[in-house]
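Morning, everyone. Please have the sequence and the structure up on your screens. I'll start with an interface and then work through a few charged pairs and a helix.

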Amino acid sequence: MTAVLPEVSSSGTSLRAFLHGLPGVDQVGAEQRAAMLATRSIKTTAKEWAIDLAIRMVDLTTLEGSDTPGKVRALAAKAKRPDPADDSCPAVAALCIYPAMVPVAAPLLAGTGVHLASVATAFPSGQAPLSVKLDDTAAAVAAGADEIDMVINRGAFLAGRYQQVHEEIVAVKGACGAAHLKVILETGELATYDNVRRASWLAMLAGADFIKTSTGKVQPAATLPVTLVMLEAVRDFRSATGRQVGVKPAGGIRTSKDAIRYLVLVNETVGTDWLSPDWFRFGASTLLNDLLMQRTRMRTGHYSGPDYFTLD
Amino acid sequence: MFEYAPAPESRSIVDIKPSYGLFVNGSFAEPTDGSTFKTISPASEEVLAEVAEAGPSDVDRAVSAARDAFDRWAALPGATRAKYIYRLARIIQERSRELAVLESLDNGKPIRESRDVDVPLAAAHFFYYAGWADKLEHAGLGPSPRPIGVAAQVIPWNFPLLMLAWKIAPALAGGNTVVLKPAETTPLTALVFAEICQQADLPPGVVNIITGAGATGARLVEHPGVDKVAFTGSTEVGRQIARAVAGTRKRVTLELGGKAANIVFDDAPIDQAVEGIVNGIFFNQGHVCCAGSRLLVQESVYDGVLAALKRRMAQLRVGDPLDKNTDIGAINSAAQLERIRTLSEIGSSEGAERWSPPCSLPDRGFWFAPTIFTGVTQAHRIAREEIFGPVLSVLTFRTPAEAVEKANNTPYGLSAGVWTEKGSRILAIADQLRAGVVWANTFNKFDPSSPFGGYKESGYGREGGRHGLEAYIG
Amino acid sequence: MVSSPAERVSVRKTYKLFIGGAFPRSESGRSYVVDDTNVALASRKDVRDAVLAARAAFRPWSAATAYNRGQILYRIAEMLEGRRAQFLAFGLDDATVDASIDRWVWYAGWADKLAQVYGSANPVAGPYFNLSGPEPTGVVGIVAPPDSPLLGLVSVVAPAIVSGNTVVVLASEPSPLPAITLAEVLATSDLPGGVVNLLTGRVPETGPWLASHMDVNAIDLTGVDDPALATSLEQAAAENLKRVVRPPAEPVDWTVDPGIARMTPFLEVKTVWHPKGV
């Protein structure tokens, strides 16, 4: 199948035929599978391991109009040392911010192992000319971002202009240079699991390093069933091409219980190969404190409280 | 590696007595001419309790108690009977964790299933039929529906509490009284249900639970004081019962075996179809009369479906039924395990190719790894005979007509599955399948309002829904 | 020279079996005498052939629309109305013949209503469309009431076929002539061959072959007078779990409204689950 795929995206017609020929997703069945996996009981040693892994997978995020350098500095410090009272707590995977804030964060994270992810391409709507989106990307990379979270052109996708969506992703990937590219599908606007499957394949065919569920600005954002469908897509893509692509659910993941459910989903859909920050991330902000609280509870044996963790 | 640590459900919620008597006329008593036997946990082979075996005069006593209670029970206003049955439903919900743990211990099924499927459905069944008790004249069974009398009910070991609910709820709603015999390997939840009848202040004699094995069951079914027989179990025993009641006026309903075809078309939603295949045959260790035990996959998508199926089967967790993460529990008994093994060996010897994912099975207890046989044809015994275990036979077809023909080419006719994204095809295939339950793009779904039962040698009569009342109305 | 009416030699009718829409003699070549008339004495091979014809007719008859089946049953009523005199000549009274015609009319109206009265949309606790509908069970063997050779016969045949079943009927042994005459009505009513097959003869001889036949799905023992025979037929029927209608406990008043009780024993309820999703 590897030989077939370059031809798939060579024209709008063949791309459309390929995407529409992918197996459909039965909504009820997919949601039931996700719900059943959510009943897994992860306790004791398994829970400790999962919490630490989840912390290491967090893309600690602030994407507000009101972000200032002060805010970003505080969050960068948290990203490096999430638990003020416990050095054994691992750092998160990345800090995720707007391009304008990248110059503030870059020097703070340099050499720490924490990645600097910037959204780009007229996030969150993506409704801007391509040239503007490419400049947005290039500027973020030049300022020091080593990861770019772009948004796909949902208008073009829903209008069936798959070739255009594909070309834009390819162009953004080019503008990324060495930076790795996460492609946000904005699953809430795609509305059906069939569309999520098609958009996942489209992004991967165009060169995405990661596919990401949401901007967090539209409801619904990440859900277990949507993530399930995306995990199935990356699994099938690797079978077909040999290339591994990561998955990032973002938005609406607030508790450790939620995060652990996502890890179970990964474990039982694509397996161990994806259970690392190189291949799975959580786009979240409040999740981190809940993970820290649960981590502390497991270590100390009693329930903790919000005063013991920083609000940044 | 993401290892799930043991997550056992605690056993302390359930208080299993060392021994149980027979529940007749509202109280427990020792058998008069019967003996006792032990019930074990099939996961560990530990003895759980000693249980009575009802002898002939115990059966007489139970039938008399049901007969004596009948006139008063039938004469109660329907609304009053309804309230008793609602009480039973509510108490089951209140004691749901205890019942789920006990069911998993006695039967071997995973706690996740007994907790999330068996016990909630049992409660729902009582709740549903409670509401019919005072509305029978609207059920389409005639303007003045009457109860039949004393119902003899014999149930199997695969869904002990749920099968009890399927039998007792409509019988009581219709104004009948019952004598029920649970299977000899799974008597415990029925005995706790008897305690629940006491808790609900159900008038004595309305429900009688007598434990025992085949001889007790035969005695009960053949008892001249019984007006109605309801049996769920093997086709072979169903046949014997049909012969035994010939020439009497006893009404009979039978819910027997099956060898359901699960049909996957080339345009099926593949990931959900694979879930459906797995659910269809490995749910409850395959101890399901309506199990999708024959996979009919369209030849053009065979390779992809098989690869996905094997990959998915490798995720199945076989182990301690009380561990909340267990997917497949223990086989119910040594006898059943032997049957599954024998038929599997026959499958191999007839030339089918056998595959199981790597699976470590505990030393004690009765276990069988989930297994598929490929290269199976209609002529193979494993394509025709009910195995009643976690064993799937995989066959192929080319066209919709061929799929239907193969699916229907069996003396059974209990259930079937169809997987395709094309709506008109779902409806056309469902129309042509000779099966009492057809699941389209899903499998093994049950609901108290949804009638369940078979065509042909899978039995006759329906349980659930409005049609489920028919068996209990004269 | 013309013979006078008093001397004219009549052309006597031969009463044969009705199988697959045709009127063959018994393959055994035997007959028995009723009212000075030779009537075919069906053998087990006739039973075999009748079941084959019924099975072959089942798929198209059950696949016909309910409207179509209803129209055919109504046509049977029309044809029977036209043949009243023939049935009166057997000694049946007007009321009986009227009731028989009216019974066909009544059942004709059920064809397209059974699914509505006997089916259900079930409100399951999940995102599923769940529908139960009745289907015909297949080939039904019927032992017709011996003492009601027209009205009783119609009352056991019409309810079985209106829903799409096909039948093999063992006609009243003492009074078979109305049955074969009814078969002539059926043969001219656009009823496809094989939907109704009628065998005259000795019920104790043919009954066991019908009751034990593995390709018969149900058996109606209404016309079996002898309790011992009824019991043995019911036992034979158990081999393939046929649906059994036992002989009535009390003599039946065939003029009474039958309700749906003679249609439902030959219906299978099929319940289909469809997930509802985008």
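**Interface first, then salt bridges, then a helix**

Six residues of chain C touch six residues of chain A. Keep in mind that this is a predicted model.

How much area is buried between chain C and chain A? About 470 Å². Carbon and sulfur atoms give 58% of that. On the chain C side, Y128(C), P275(C) and V278(C) lose the most area to chain A. Together those three account for 76% of what that side buries.

Now the polar side of this interface. The rule finds zero salt bridges between chain C and chain A. Two residue pairs are in polar contact there, both at pLDDT 80 or more.

Next, salt bridges elsewhere. Over all chains, the structure holds 63.

Pair one crosses between chains. R40(A) meets D327(B), 2.9 Å from N to O. R40(A) sits in the loop between α3 and α4 of chain A. D327(B) sits in the loop between α10 and α11 of chain B. Are these two residues buried or exposed? R40(A) is buried because its relative accessible area is 9%, under the 20% cut-off. D327(B) is buried too, at 6%.

Pair two stays within chain A. The side chains of R295(A) and D86(A) form a salt bridge, again 2.9 Å from N to O. The partners lie 209 residues apart. R295(A) belongs to helix α14, residues 287–300. D86(A) is in the loop between α5 and β2. Both R295(A) and D86(A) are buried.

R84(C) bridges to D98(C), with the closest N and O atoms 2.7 Å apart. This one links helix α3 to helix α4, across 14 residues. Why does D98(C) count as partly exposed? Its relative accessibility is 30%, so D98(C) falls between the 20% and 50% cut-offs.

Now the network. Salt bridges link D59(A), E147(A), D149(A), K182(A), K212(A), K248(A) and R281(A).

Last stop, helix α1 of chain C. Where does α1(C) bend? At A57(C), by about 35°. A proline, P60(C), follows within four residues.

The buried residues of α1(C) include D46(C), A50(C), A53(C), A57(C) and W61(C). Residues three or four places apart in an α-helix point the same way, because there are 3.6 residues a turn. Note that A57(C), the site of the bend, is itself buried.

How values were computed: Residues are numbered from 1 along each chain as its sequence is written. Chains are lettered from A and ligands numbered from 1 in the order in which they are written. This is a predicted model: local features need pLDDT of at least 70, side-chain atom pairs count only at pLDDT 80 or more; totals for chains, interfaces and linings use all residues. Side-chain values use heavy atoms; hydrogens and water are left out. The bend at a residue is the angle between axes fitted to the seven residues ending there and the seven starting there. Helices (H or I, at least four residues) and strands (E, at least two) are DSSP runs, numbered from the N terminus. Buried means under 20% relative accessible area, exposed over 50%, partly exposed in between (1.4 Å probe, protein chains only). A salt bridge is a side-chain nitrogen of Lys or Arg within 4 Å of a carboxyl oxygen of Asp or Glu. Contact means heavy atoms within 4.5 Å. Buried area is the accessible area (1.4 Å probe) that two parts lose on being put together, summed over both. A polar contact is a pair of N or O atoms within 3.5 Å; within protein, one must be able to donate a hydrogen and the other to accept it, and residues adjacent in sequence count only if both atoms are side-chain atoms.
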